[in-house]
Amino acid sequence: MQRHDKVTALNENYVTQEKKKQERARRRKQGLLRRLTVFGVLVVIMFTVMIATLTSQAAQIAEKKEEKQAVEQRLEEVKAEKAQLSDEVNKLQDPDYIGEVARRDYNMSKPGETIFKLPDNKEESR
């Protein structure tokens with residue numbers, strides 16, 4: 001029996017050291033898993049934020065494009081109106097055109113001229 005006690009006593013230091021090594025390895029593995037888990041969660045959060053930002057920016061870009069199209073259409077309308085008004089200004093420089101407008105809109109006439117007003121609708125002529 002003494003022999004068993006001596007063998008056990010000799011292996012005790014080795015077993016203790018091996019248990020400590022295994023415990024350190026287990027703790028390192030647990031620490032690694034915790035760090036990887038935290039890192040994974042942070043990566044998922046970052047991707048979520050990035051995707052949310054990109055979708056909101058895409059929506060804003062689409063909205064701005066629609067707004068730009070509306071403004072460009074309004075610009076074309078204003079340019080057409082400007083051209084028409086510019087043409088009207090040029091026409092109003094002409095005395096013959098002014099006389100035509102006065103006769104048509106204000107029932108004015110030249111000396112010796114008689115104005116006949118015809119009914120616009122067929123019902124008025126009956």
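A salt bridge is a side-chain nitrogen of Lys or Arg within 4 Å of a carboxyl oxygen of Asp or Glu, and the structure holds 8 salt bridges. The model described here is predicted, and its secondary structure comes to 3 helices and 0 strands, which gives the pattern α-α-α when read along the sequence.

**Surface**
- A nonpolar patch on the surface is formed by Val38, Val41, Leu42, Ile45 and Val49, which together have about 430 Å² of accessible area; Val49 is found in helix H1, which covers residues 2–92.

**A network around Glu23**
- Side chains of opposite charge can pair when their charged atoms come close.
- Glu23, Arg26 and Arg27 are linked in a network of salt bridges, in which the side chains of Glu23 and Arg26 meet at 2.3 Å, N to O, and the closest N and O atoms of Glu23 and Arg27 are 3.4 Å apart.
- Glu23 and Arg26 are 3 residues apart in helix H1, so they are separated by about one helical turn; Glu23 and Arg27, both in helix H1, lie 4 residues apart, about one turn of the helix.
- Glu23 is partly exposed at 27% relative accessible area, Arg26 is partly exposed at 39%, and Arg27 is exposed at 57%.

**A further pair in helix H1**
- The side chains of Lys68 and Glu72 meet in a salt bridge at 4.0 Å, N to O, and, being 4 residues apart in helix H1, these residues are separated by about one helical turn.
- Lys68 is exposed, with a relative accessible area of 52%, whereas Glu72 counts as partly exposed at 41%.

Definitions and conventions. Residues numbered from 1 in each chain as written. Predicted model: local features only at pLDDT ≥ 70, side-chain atom pairs only at ≥ 80, totals over all residues. Heavy atoms only, no water. Helix = DSSP H or I, 4+ residues; strand = E, 2+ residues; numbered from the N terminus. Patch = residues over 30% accessible without salt bridge, like charges linked within 9 Å, V, L, I, M, F, W, Y side chains within 5 Å. Areas by Shrake-Rupley, 256 points an atom, 1.4 Å probe, with all protein chains shown as cover. Buried < 20%, exposed > 50% of the residue type's maximum accessible area, 1.4 Å probe, protein only.
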